[in-house]
Amino acid sequence: MKVLLVDDEVELVSAMAERLEFRGVDADWTDNGEAALEMASRTDYAVAVLDMKMPRLSGLDLMERLSSQHPDMKFIFLSGHGSEADFKAGCAAGCNYLIKPIQIDDLIARINQVAG
Amino acid sequence: MSLMEKIRPQFWDTESNGATGKDLFNYHRIWRLAIALLAVVALIPLTVMAFIDYNVTRHSLESENLLRTARTTSNTRRSVAYYLEERTKALEFLAEHEGIEGLHDSDNLTNILASLKTSFGGFVDIGIINDHGQQIAYIGPYDLLGRDYSEQEWFRDSLEHGTYISSVFLGFRDEPHLIVARKVLDARTGQDFVLRATLDTGQFNSMLTSIDLPGGGDAFMVDRNGIIQTPSKQHGTLLTKVDLAIPSYSEKTSVQQVPGNGGTDYTVGYAYIKDTPYIVLVVKDTEELMKPLQTIRMELLWIMLVSIALILVVIVGVATYMVNKIYIADQTRARTLHRMEHTNRMASIGRLAAGVAHEINNPLAIINEKAGLINDLFVYKQEYAHDERLLANIRSIINSVSRCGKITKRLLSFARHIDVEMDSIEFKELANEVVDFLRKEAEYRSIAITMDIPENLPAFVSDRGKLQQIFLNLVNNAFQAMSDGGHLYISAREVTDGKLVFAVQDDGCGIPEADIKRIFDPFFSTKKKSGGTGLGLSITYGLVEELGGTMAVESEVGKGTVFTITMPLKGSKEA
């Protein structure tokens, strides 16, 4: 199972990917939406973990574009922002909405849940 | 409570300086201005009307008095003039009818005097004087036959003018009397005689004394020199000079206000009687005449005073009522403004908190991942030795970050709900959320918190933010009331008719009986000195009402306080 991590904070997303590797999750990461689309066209990812707020392409927009190309892909949203609108939008897409900071084990559990 | 406190309007105790900015007006000034304006508008016309009325009454009374005096004087003059004329005419008739011969006969003259006495009255004697002044015939009680009158003024006057009427004098007989005389020409001899009759003053006097004059009036006669001719009650004895000034001759009756001796004012009517020396005087005491005016003046004064008092009472009442209404309206507006301000501030704080939490969350997430990664490296990679001390430190970092994350998440959830509408709420969850905020303080102050909330409470729809605020305010209040080591007891129950009752109970200082009904008033605070705004409970109360609930309080000084809030399980959407 391959997982795609997209977050504009490189430090965060790289560390997260490495940690997932340790736990046997095959994770790729990038810090922008365009790169993510390109990566998704080359590789088949089961789950995408997206940051809600990113420059240019936001998490929701990215989700729409990814899901149109890869209908089977599942999404988990991450956000440091407690915005009500974001929460509702995230919930609408399957209620996979986590607020930073997160525990790595919670993330893995959630990944397994949506992939399962 | 004294009477003054009962009737004192609410605005009375307001400070006149607008230091707080809450007082938009100076209520005392408005109150005074209203009273002054209303009083001026109402009382000035009243006073002017009363004054005019009084003057009109006085003038009409005065002119009526003058008129009445003039009429009396005129009437009296007419009667006196008639009386004298009658007797002069009688003499004329005698002269014409009898002739000097007939009158010369003393028997005949006796008969004539007797018939004059019975028919006209007032005659005392009658006599004939020849042109030398010798009395040649006389009938009367005195022995005057042969007396010489040639030097007397009246004798010469009679020969000259034909008739003569004397003023009252004492004469030879030392008794007041008057005479009427007329010249008679004896056609046979061509000799002039004077027919003279004496009149007593009794009939004459009674004519004047019988005049009905109210209130100390005096009617009498004087001659042209001012010598009193008939008895006067107040203005001098008979045949002395009168103490009033006599105006110069006029055919008409005149009435004058004359200042008398001793400061009394008199209204005096004068009438000269033509062809006689007499002047009729009708004297009335002006003050006596104006007595009715006193009564009218007192009545007017009473009516005016009572009216003024009544008007003032009504004006003060109305002004107080109105200004009080303005005051209450202003207070309500200030309260509403304050609540809006407060709501706005809460919303700002909420947005700020959300922003801060967000800003912190991202670096926190990085710290979390980095520390996690180090931890993972130690666990999964063999090249890093299993150093338990390092691992423990890293775990402590991760734990701390997790704690920080919990706090920011709670802050976010709290802030997020500030402007949120209706939401489905589990009361237990909400209570935990609120109490978590204060748990640290409770630990420091060793306050024991007991929660008695059943698991099967139904979820209900309400405004989470408002409910949180209500609950937080109550718990905060309880904390402030308690000393260290107190007990806080929070309970919730579902009551039958779709209502949720929850109570926050403390064992703190309690609220005195006198303050209980004021604790929900805005700006009422027992902690003003230590920075209380007096708004907590008032806002709480307002919020409870907004959500359609009710709020009650029970308290005992020294034992504690219970706030009980009843909420409908189904909040209305409009709330």
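Biologist: How many salt bridges does the rule find across the interface of chain A and chain B?

Modeller: In this predicted model, the rule finds four salt bridges across the interface of chain A and chain B.

Biologist: Why is the pairing of Glu11(A) and Lys370(B) called a salt bridge?

Modeller: The cut-off is a nitrogen of Lys or Arg within 4 Å of a carboxyl oxygen of Asp or Glu. The side chains of Glu11(A) and Lys370(B) have N and O 2.9 Å apart, so the pair meets the rule and is a salt bridge. On the side of chain A that touches chain B, the largest share, eight residues, comes from helix H1, residues 10-22 of chain A.

Biologist: Which classes do the residues of that side of chain A divide into?

Modeller: The side of chain A that touches chain B holds eight nonpolar, six polar and seven charged residues. Between the two chains, eight residue pairs are in polar contact, with both residues at pLDDT 80 or more.

Biologist: How do you know what area is buried between chain A and chain B?

Modeller: The size of an interface is often given as the accessible area lost when the parts come together. Here the area buried between chain A and chain B is about 2,200 Å², and carbon and sulfur atoms give 60% of it. Arg19(A), Phe22(A) and Pro101(A) supply 30% of the area that chain A buries against chain B, which is more than any other three residues. In terms of contact, 21 residues of chain A meet 24 residues of chain B.

Biologist: Why does the salt bridge of Asp26(A) with Lys2(A) tie together parts that are apart in sequence?

Modeller: The closest N and O atoms of Asp26(A) and Lys2(A) are 3.0 Å apart, and the pair forms a salt bridge. Asp26(A) lies in strand S2 (residues 26-30) and Lys2(A) in strand S1 of chain A, so the pair ties together parts that are 24 residues apart in sequence. Over all chains, the count by this rule comes to 21 salt bridges.

Biologist: What makes up the lining of the second largest cavity, by class?

Modeller: The lining of the second largest cavity has seven nonpolar, no polar and two charged residues. Among the lining residues are Leu5(A), Val13(A), Met16(A) and Leu78(A), together with Asp7(A) and Asp51(A). S3(A) gives the most to this lining, with three residues. The volume of the second largest cavity is about 40 Å³, and the structure holds two cavities of 30 Å³ or more.

Note on methods: Residues numbered from 1 in each chain as written. Chains lettered and ligands numbered in written order. Predicted model: local features only at pLDDT ≥ 70, side-chain atom pairs only at ≥ 80, totals over all residues. Heavy atoms only, no water. Contact = heavy atoms within 4.5 Å. Buried area = accessible area lost by both parts, 1.4 Å probe. Polar contact = N/O pair within 3.5 Å; in protein donor to acceptor, adjacent residues only side chain to side chain. Helix = DSSP H or I, 4+ residues; strand = E, 2+ residues; numbered from the N terminus. Nonpolar A, V, L, I, M, F, W, Y, C, P; charged D, E, K, R; others polar. 1 Å grid on protein atoms, 1.4 Å probe; cavity = no way out; pocket = protein on both sides within 12 Å on 5 of 7 lines; lining within 4 Å. Points joined across faces, edges and corners; volume = space filled by probe spheres on them.
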